[in-house]
Amino acid sequence: TGGCHVGDGKIYQGPMSTEIKDELQLEVQRRRNFAIISHPDAGKTTLTEKLLLYGGAIHEAGAVKVRRSQRHATSDWMAMEQQRGISITSTVLQFEYHNTQINLLDTPGHQDFSEDTYRTLAAADNAVMLEDAAKGLEPQTRKLFEVCKMRGLPIFTFINKMDRPGREPLELLDEIEQELGLHPYPVNWPIGMGDRFKGVFDRHKGQIHLFERTAHGSREAVDTVIDLGDPRIEDLLDQDLYYQLKEELELLDALGSDLDLSAVHSGKMTPVFFGSAMTNFGVQLFLDAFLEYSLKPGPHNSTIGDIPPDYPEFTGFVFKLQANMDPKHRDRVAFVRVCTGRFEKDMTVSHARTGKTVRLSRPQKLFAQDRESIEAAYPGDVIGLNNPGVFAIGDTIYNGQKLEYEGIPCFSPELFAYLKNPNPSKFKQFNKGITELREEGAIQIMYSQDDSKRDPILAAVGQLQFEVVQFRMQNEYGVETRLELLPYSVARWVAGGWEALTKVGRLFNTVTVKDSWGRPVLLFKNEWNCQQVQSEHPELELRSSAPVV
Ligand code: GDP
């Protein structure tokens, strides 16, 4: 059940039915979905490319048309993207491998790190944690890990760049165990590293996969496999590496727990793989094992119980909105994770929050050049819907009995700034813009407790969100704004709200603001101040993400 929160254990099946269930079970069985969590430069792009190689036909679902039109667009928005050399849009990459449909949800990283990066994890069933062998755990990976942990996602670890000098493998595993509280299980084990990287030992099959330095990774890698008992081994490996391998394997066995899939699926144990994405070594081994061990699309918790993916009606939720691809139309694309049933183009669905009926006729247009890929979509897939302002983050769309999925929480912002409107005559547009951008999930908005200070506080996960807000305020609402940065970097919601906060009395080294729902949020200059307040007031329950409204 890893990908979802199991509520009271009640599973709502819906009307018992027919062939649709068989079809759904078949499609769910052959679907896997995951997101990569990593720090910039660990090799996410490289690994993604190599994974796609194994997929043969590559489909970019979710944003095909969007991407394409973007290439030709010359709007300011695109100029902003081009200037910064980033892509504000993100895609879902679909590929077939061994008759399995794999959906790779792209988590925006680097300079475009934003709350969307976290939200993408709400649509994922599995996460792949990518580490640079020389660096081990890095800040962005840790943050994303926390979100995965909150959601109980299974985590698969790929330790990359083994062809370069790195840290000791055992040390890297120890770091995962100690710092993340995640039990690592090495599925394969590296033989040497850097200049002396010779390959990996597959602990389950008892085979060595030899690394060929000549393979340049633009094709599927040449993979020479020999058994551990093979007499050629001593010629192929330097003697010291051979003995080191034997020693380390004995050590692992002695330390050893077995691979426990239920622990993997509940996010307590992580299967670990070593390789070199650049030279395409270890990627296929990883992919094969991932298919075997990862979670299929599972049930999702809703207002009427847990809904299994073979529930015969189509349901899904919006996890991300993408604004303004085409400035002439001010289109918005809503990305929907399909939870149950079969999505068909032109289908009519109910929108849980407003009770409206919405015809999903646009995807056909959106994907005109890639029509076949959206004739139908199944649980675990992501579809992009043209959003005429109907959808907000976390919205449920459904057929059949009314239900709503658990929303997507607000994630702890780390950057704060007053947004000022220097031109009083633009008061109305300013407020409209702020409200709409907040509703759309482009940014979180907070307010001072002191009602005479009316400037909204923008609260963001990444710097880009500020720029996007200012840009859109100007271009869509005609308001030129000013930003005044605030010196905070940590936000915590108070469980129990104002009542709980009043009880503890005066707090030091923190300010209290209100979020858009009037709930108290404590802002701290740094993590240390936050911990200090927490240790002085253990009765105060501080949360790094906001309860869903
Ligand atoms: P991203 O920022 O995580 O998307 O990382 P990239 O895929 O762009 O890779 C960052 C840099 O690391 C690039 O220069 C890659 O060529 C390099 N790189 C990626 N994988 C490997 C690897 O397995 N070995 C080595 N030596 N370099 C790698």
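A residue is buried if 20 or more other C-beta atoms lie within 10 Å of its own, exposed if 12 or fewer, and partly exposed in between, with C-beta atoms placed from the backbone. By that rule, 44% of the 549 residues of the chain count as buried. This is a predicted model: local features need pLDDT of at least 70, side-chain atom pairs count only at pLDDT 80 or more, and totals for chains, interfaces and linings use all residues. Residues are numbered from 1 along each chain as its sequence is written.

View 1. Helices here are DSSP runs of H or I, at least four residues, and strands are runs of E, at least two, numbered from the N terminus.

**View 2. Asp41 in its loop.** Asp41 is found between strand 1 (31-38) and helix 2. Its phi is near 85 degrees, a positive value. Most residues other than glycine have a negative phi. Asp41 counts as partly exposed because 13 other C-beta atoms lie within 10 Å.

**View 3. Asn280 in its loop.** Asn280 is found between strand 12 (269-274) and helix 11 (283-293). Phi of Asn280 is also positive, near 60 degrees. Asn280 has 26 other C-beta atoms within 10 Å, so it is buried.

**View 4. Val92 in strand 3.** Val92 belongs to strand 3 (residues 92-97). Val92 counts as buried because it has 24 C-beta neighbours inside 10 Å. The C-alpha atoms of Val92 and Asp258 are separated by 33 Å.
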